[in-house]
Amino acid sequence: MHNMPPPVTKVLETFTPQLFRHAVAETVSVLRSGQVAAIPTETVYGLAADAFNPQAVRRIFQIKGRPAVNPLIVHVASMAMLRDCAGTVPESVHRLAEFFWPGPLTVVLPRSEKISDDITGGGGTVAIRWPGHPFFRDVIRELGNPVAAPSANLSNRLSPTTVEHVLDQLNGLIPLVVDAGPCAVGIESTVLDLSGTVPAILRPGIISADALRAVLPDLSEGITSKDRTVSRSPGTMPIHYAPVAPLRLFHFTSESDLIQLAGENDAGPGQTIIMTHLPRPLAAPWKDCIVFPFDPEAYARALYGELFRSDKAQPRLILIESPPDGTEWAGVSDRIKRAAAPRS
Ligand code: TXA
Ligand code: MG
């Protein structure tokens with residue numbers, strides 16, 4: 001018997017055209033061999049597999065510890081590829097594509113027979129996105145097949161927006177991660193269900209309901225429509241996207257209220273990190289105070305990185321100011337509410 005060296009995850013850079021092309025070729029060869037790779041997208045890093053290779057798709061679920069009923073998003077690089085994955089393509093998809101693709105929008109459509117149960121969790125629909133990130137687009141084009149990819153994190157943990165975040169959770173579990181720097185959007189895509197009688201948002205994102213309504217006047221008011229045919233979207237359950245430290249929301253009134261709220265959660269100021277979206281007059285010896293930019297896009301870009309960094313500091317508690325109302329804040333609000341949801 002001899003000791004096996006621990007498996008290592010190879011990290012490839014993309015900051016020169018040569019490195020970029022080399023990383024595309026390596027990623028495609030990893031995907032062709034039926035393995036998975038963590039790759040950059042404009043939203044969050046994704047854990048990619050060839051969508052037409054059911055065994056490779058099952059690897060994604062194994063590595064993440066993801067329940068088999070939680071369906072995956074399939075990523076395409078053309079409308080022809082989309083038609084290959086969808087059973088029917090409503091006219092609204094073409095209008096949406098004109099405005100939002102390539103980009104951080106995912107649509108749920110009836111699936112084609114080429115999409116396996118492993119991807120859909122056994123359901124009759126498939127989620128499809130045409131990503132804007134140049135690296136991801138090149139990988140899909142060169143592979144010639146759609147690419148299944150969830151966020152490159154363990155199930156129920158924070159989605160990664162840098163390679164450091166990916167390696168923190170998946171180092172040694174995957175053969176390859178490609179570094180293209182921090183993700184520009186920073187939160188996962190807006191998921192829009194077009195398989196029911198009325199379009200409905202299943203997961204809010206940086207493309208807001210108001211933006212979608214310009215193209216889809218009949219978009220359902222709520223986050224999910226009552227007469228949806230899809231019942232499974234486990235990403236829309238609470239306790240998703242959670243840091244390790246407990247996280248509570250607050251509306252700012254005074255610092256003494258914050259100190260009291262910390263106390264109610266068994267933490268003193270020195271063990272508590274405060275996160276706000278406006279500068280607040282704070283004097284207590286808080287463990288850290290983070291002020292997010294008062295802009296939904298800039299806030300979204302910073303959110304997971306700040307939660308990751310704060311979590312590493314091992315606070316007893318994170319207190320985060322409730323974001324403003326308004327559909328442009330819905331994506332950020334949704335992720336924060338999930339992170340604050342009670343854990344079992
Ligand atoms: O921005 C993103 O969407 C990233 C990047 C990698 O593209 N991907 C991502 O994937 O966030 P994931 O697996 O972490 O989240 C996919 C979400 C889940 O909430 C899942 O339940 C939902 O999409 N979903 C996937 N297929 C679905 C379907 N057929 N019907 C309803 N919801 C679906
Ligand atoms: Mg995810």
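Reader: In which loop is P102 found?
Author: In this predicted model, local features need pLDDT of at least 70, side-chain atom pairs count only at pLDDT 80 or more, and totals for chains, interfaces and linings use all residues; side-chain values use heavy atoms, with hydrogens and water left out. Residues are numbered from 1 along each chain as its sequence is written, while chains are lettered from A and ligands numbered from 1 in the order in which they are written. Helices (H or I, at least four residues) and strands (E, at least two) are DSSP runs, numbered from the N terminus. P102 is found in the loop between helix 4 (91-100) and strand 5 (105-110).

Reader: Is the peptide bond from W101 to P102 cis or trans?
Author: The bond that leads from W101 into P102 has an omega near -5°. The peptide bond is cis.

Reader: Which residues are the closest to ligand 1?
Author: The shell around ligand 1 holds 28 residues, a residue being near if one of its heavy atoms lies within 4 Å. These residues divide into 13 nonpolar, 10 polar and five charged, where Ala, Val, Leu, Ile, Met, Phe, Trp, Tyr, Cys and Pro count as nonpolar, Asp, Glu, Lys and Arg as charged, and the others, Gly among them, as polar. The closest are T43, R66, H75, S189 and R203.

Reader: How much of ligand 1 does the protein bury?
Author: Polar contacts (pairs of N or O atoms within 3.5 Å) include an oxygen atom of ligand 1 with the side chain of R66 at 2.8 Å. The side chain of H75 has an N or O atom 2.7 Å from a ligand oxygen, and a polar side-chain atom of S151 lies 3.0 Å from one. Taken alone, ligand 1 exposes 680 Å² (Shrake-Rupley method, 1.4 Å probe). The protein buries 99%.

Reader: Which element gives the largest share of the shell around ligand 1?
Author: Two or more residues come from each of strand 4 (73-75), strand 6 (125-129) and strand 10 (200-203). The largest share is four residues, and it comes from strand 6.

Reader: Which residue of strand 10 does V191 stand opposite?
Author: Strand 9 (residues 190-193) runs antiparallel to strand 10, joined by three bridges; strands pair if DSSP finds at least two. The two strands form a hairpin with six residues between them. V191 stands opposite R203.

Reader: What does the twist of the open sheet of four strands average?
Author: The strand order is 11-14-12-13, with parallel pairing. Strand 11 (247-250) and strand 13 (288-291) are the edges, each pairing on one side only. From one strand to the next, the twist averages 20°.

Reader: What is the bridge partner of I274 in strand 14?
Author: Strand 12 (residues 272-276) and strand 14 (residues 317-321) run parallel and are joined by four bridges. The partner of I274 in strand 14 is L319.

Reader: In which loop is the place of D266?
Author: D266 is not a glycine, yet has a positive phi of about 60°. Its place is in the loop between helix 9 and strand 12.

Technical notes:
Axes are lines fitted to C-alpha atoms, for helices over the stretch in contact, and angles run from 0 to 180 degrees between N-to-C directions. A polar contact is a pair of N or O atoms within 3.5 Å; within protein, one must be able to donate a hydrogen and the other to accept it, and residues adjacent in sequence count only if both atoms are side-chain atoms.
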